[in-house]
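Here are my notes on this one, written as numbered points. Have the sequence and the model open while you read.

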Amino acid sequence: MYALGLIARWVHLTSSLFLVGASAMIVIAGPSDRSTARRWEHRILSSARGLAVVAFASGLVVLGVQTALFEGRAAAALEVGAIGRVLVETQTGRVWLVRFSFLVMLAAFLLLRLSVERRADWRAARGEVALLGAAALVPIAAAGHAAAVDPDTARAIAFDGLHVVVAGVWVGGLLPLALLLRTAATSEGADARPYAVLAARRFSRLALCAMVMLAVTGALLATIHVGSVAGFVGTSYGRLLLAKLVLLGLVLLLASVNRTVLLARLAGDGPTVGRPAMRRLSGFVVAEGLLALAILAVVAALSVTPPARHEAPVWPFGIRLSVAALEGATAEATRTLIGSQIAVLGLVAMIAGVILRTWRLPLVALALVALGAGAGLALPPLAIDAYPTTYLRPSVPYQAASIASGAALYRESCAACHGSEGAGDGLAGLALPRPPADLRAPHTAQHTAGDLFWWLTNGIPAAGMPGFGARFTEEQRWDLINFLRALSAGYAARGMGPSVELGRRWLVAPDFTFAVGPTPPRALKEYRGRVVLLVLYHLPGARPRMSQLAGREGTLAALGAEVIAVPTDAAPDAIRRLGAEPRVLFPIVTQGATAIVTAYGLFAGSPHAEFLIDRQGYIRAIAQSRGEAAELETLLAQIQELNQEKTPAEAPPEEHVH
Amino acid sequence: MRAWKAVVLINLALIVGGGWGYAVWGLRTARLERELAVARAAALAGVEREWIVEGVVRAIFPELNVLVITHGDIRDYMPAMTMGFRVTSPKIQEAVSVGDAVRFTLRGVPPNVAVTAIQKIITR
């Protein structure tokens with residue numbers, strides 16, 4: 001089924017692109033009164049009729065395979081009812097309806113016998129074929145990966161549609177052009193030779209523009225669907241895309257020979273110009289066309305492969321390059337700086353070599369040497385050890401509950417060596433070949449969550465760290481990593497005081513869910529856009545502070561700030577224990593308190609702690625005390641400052657993972 | 001007929017047909033949505049309704065006959081929030097104290113609703 005679907009997709013894509021490209025090629029070449037040119041035109045048009053049928057039939061097969069996939073059973077591929085449901089009820093199906101109707105219109109139009117003796121009639125008739133072909137092709141973008149992009153769906157679809165139609169003009173034009181050149185190179189077709197030369201020149205110009213547009217839209221689509229180097233080399237989608245790029249490189253090589261050498265030799269007569277050049281060009285164009293067919297096969301495979309962005313990349317190399325390696329290493333940083341400058345010089349020389357006609361060879365040679373030397377100098381200091389899981393994204397979000405279960409696992413299995421506070425000073429660690437790592441140190445910038453996952457799973461044999469892959473489930477390992485992240489962040493947060501530093505957001509507030517009594521659970525994330533004052537309190541010490549906050553609840557609400565209070569003893573009857581007076585109306589967490597207290601306890605040591613969380617979900621100030629009433633006007637002023645602070649364009653916290 | 005005229009006619013027909021179809025579809029969807037909203041509002045307005053809601057008593061105002069309750073979602077009326085509700089009898093207020101998890105009956109013609117019955121729920 002998979003193979004059938006793939007082949008059908010390839011046939012469908014190829015025929016749809018050819019319909020656009022072949023008709024565009026005729027329009028580009030223009031009308032002619034030479035009999036050979038007319039024969040060529042009619043041959044292309046009659047093959048277009050066949051192609052429309054092929055595109056329709058292969059489209060039906062693809063639709064059938066998709067129906068089987070949607071319904072979850074192979075037999076559905078042949079059931080009219082099931083296919084009808086897909087056509088009417090899914091977006092993919094509606095796109096197919098639109099495309100099928102345009103294909104039918106195109107086939108019908110191709111069957112019309114129109115008189116095209118006059119120029120305007122010819123242009124209209126041939127242009128209409130190209131237009132209907134494009135109309136049948138472009139909606140395909142709304143049924144592919146681009147339609148699943150969120151947000152900016154419309155933008156992705158527009159890029160994809162443009163990419164597809166430009167690809168059609170280029171790919172589909174190649175074989176008709178080769179045919180025209182081949183015919184014109186024979187002695188019977190000599191009358192069409194000027195026509196063929198003109199067509200080749202026009203197509204070459206158009207193909208150059210098409211290539212630029214393909215490169216631009218392709219690069220944009222790659223950033224949308226792949227987005228990272230790890231996605232490129234570590235996922236099947238990325239590797240298919242690399243294969244496509246390699247094939248495209250070969251095509252560009254051929255095309256540049258065609259454009260610079262052979263195209264110039266078409267006119268005139270002689271042993272290497274005129275007919276021989278035309279024959280060779282036609283051969284090269286056929287080769288380009290065959291490579292393009294291979295590219296389309298890769299594209300068909302891409303269309304059934306989940307985009308790299310949604311896959312867990314497997315990093316294939318033992319090292320990776322990152323600027324984070326330079327932190328604190330001055331000599332290496334200087335070396336990298338010098339190397340990068342040499343490489344920039346090399347780049348300038350390369351551009352100059354391509355543009356200038358004189359000195360081309362020495363310039364390019366110089367450029368290559370400078371680029372090589374620059375890379376050799378700059379890159380080695382950037383290398384950091386990497387593992388297959390290095391770019392794995394955590395499958396468990398950074399949440400209080402996960403941090404709390406990670407903390408429990410840590411106490412059980414890690415504290416003996418790494419120490420109860422994570423300082424690497426556990427007694428059992430003394431016997432190890434290498435002292436256990438200080439898990440609070442800020443070196444996390446150099447290690448991804450995926451690195452930690454690898455070490456946790458497989459251990460670090462040289463250091464005596466055992467692997468826990470067999471003992472902990474994947475979820476538990478991510479819990480531990482979330483705990484380590486919070487531990488290290490908490491250590492760094494020691495210096496954070498009760499006053500907000502404007503413009504500095506770095507301490508991500510772990511998300512949590514909580515409930516007040518039998519009401520449905522809510523998450524901290526739902527408060528995004530408002531300032532939250534998270535209060536960890538302990539009675540009776542915090543009674544004055546709670547009274548104070550309760551008394552000013554109206555003012556806090558007017559400033560758009562929400563108070564969430566969590567009893568550190570996680571008592572289920574916390575609200576009753578606060579009593580009837582004063583009237584505390586903000587949420588008192590009665591479910592989920594334990595996890596919140598464990599996780600946020602890593603950021604503060606005192607029995608009473610207040611966290612000021614900004615509208616983007618970052619902790620901006622931590623006030624620690626024993627819970628006595630404090631100056632409230634300062635707090636209100638800080639909330640107002642946070643409200644007025646400029647909202648950054650950067651991604652909200654969850655996206656940002658070390 | 002000249003070919004170019006035929007082509008222009010075809011394209012015009014496509015544009016007009018497609019546009020007309022799209023417009024009809026959009027108008028019909030808009031009308032259905034309007035009707036739905038009207039029907040829903042009519043079904044809800046002016047009719048006495050009753051809900052059973054769970055929540056926690058947060059404050060009691062005996063002099064106002066008001067209970068402040070942090071409650072869950074009230075279907076088709078109010079999302080989960082902390083809010084004061086009038087009670088129909090002082091006995092209802094006397095039956096509960098601050099911090100009690102409760103299940104209460106809310107009855108009335110919105111927005112004029114009141115708590116008509118309340119009972120504590122035993123939580124673990």
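**Notes on the two chains**

1. Let's start with one residue: Thr555(A) sits in helix 18 of chain A, which covers residues 553-558. (Helices are DSSP runs of H or I with at least four residues, strands are runs of E with at least two, and both are numbered from the N terminus.) Thr555(A) counts as partly exposed because 13 C-beta neighbours lie inside 10 Å. (Buried takes 20 or more other C-beta atoms within 10 Å of the residue's own, exposed takes 12 or fewer, and partly exposed is in between; the C-beta atoms are placed from the backbone.) From C-alpha to C-alpha, Thr555(A) is 73 Å from Ala125(A), and the two are 430 residues apart in sequence.

2. A word on the ground rules. This is a predicted model, where local features need pLDDT of at least 70 and side-chain atom pairs count only at pLDDT 80 or more, while totals for chains, interfaces and linings use all residues. Residues are numbered from 1 along each chain as its sequence is written, and chains are lettered from A and ligands numbered from 1 in the order in which they are written.

3. Now chain A as a whole: it has 21 helices and 9 strands. Its radius of gyration is 33 Å, well over the 26 Å that the globule rule gives for 658 residues, so chain A is more spread out than a compact globule. (The radius is taken over C-alpha atoms, and the rule is 2.2 Å times the number of residues to the power 0.38.) The C-alpha trace spans about 105 × 65 × 50 Å along its principal axes, and 42% of the residues in chain A are buried.

4. Have a look at helix 4 of chain A, residues 91-111. Its 21 residues should span 30 Å at 1.5 Å a residue, and the end C-alpha atoms are 31 Å apart, which agrees. (The expected span is 1.5 Å times one less than the number of residues.) Its buried residues include Trp96(A), Arg99(A), Phe102(A) and Leu103(A). What do the buried residues of helix 4 pack against? They pack against helix 1 (2-29), helix 2 (35-71), helix 3 (80-89) and helix 5 (119-137) of chain A. (Contact means C-beta atoms, placed from the backbone, within 7 Å.)

5. On to the cores. The largest nonpolar core has 99 residues, and Val566(A), Ile596(A) and Tyr600(A) have the most contacts inside it. (Such a core is a set of buried Ala, Val, Leu, Ile, Met, Phe, Trp, Tyr and Cys residues joined through C-beta atoms within 7 Å.) Helix 16 of chain A (residues 474-492) gives the largest share of this core, 8 residues. Leaving out residues up to four places away in sequence, Tyr600(A) touches Leu534(A), Leu536(A) and Phe611(A).

6. Chain B has 2 helices and 5 strands, in the order α-β-β-β-α-β-β along the sequence. Its radius of gyration is 27 Å, whereas a compact globule of 124 residues would have one near 14 Å. Buried residues make up 21% of chain B.

7. Finally, where the chains meet: 22 residues of chain A and 25 residues of chain B take part in the contact. On the side of chain A that touches chain B, the largest share, 5 residues, comes from helix 5 of chain A.

Key. Two residues are in contact if their C-beta atoms, placed from the backbone, lie within 7 Å.
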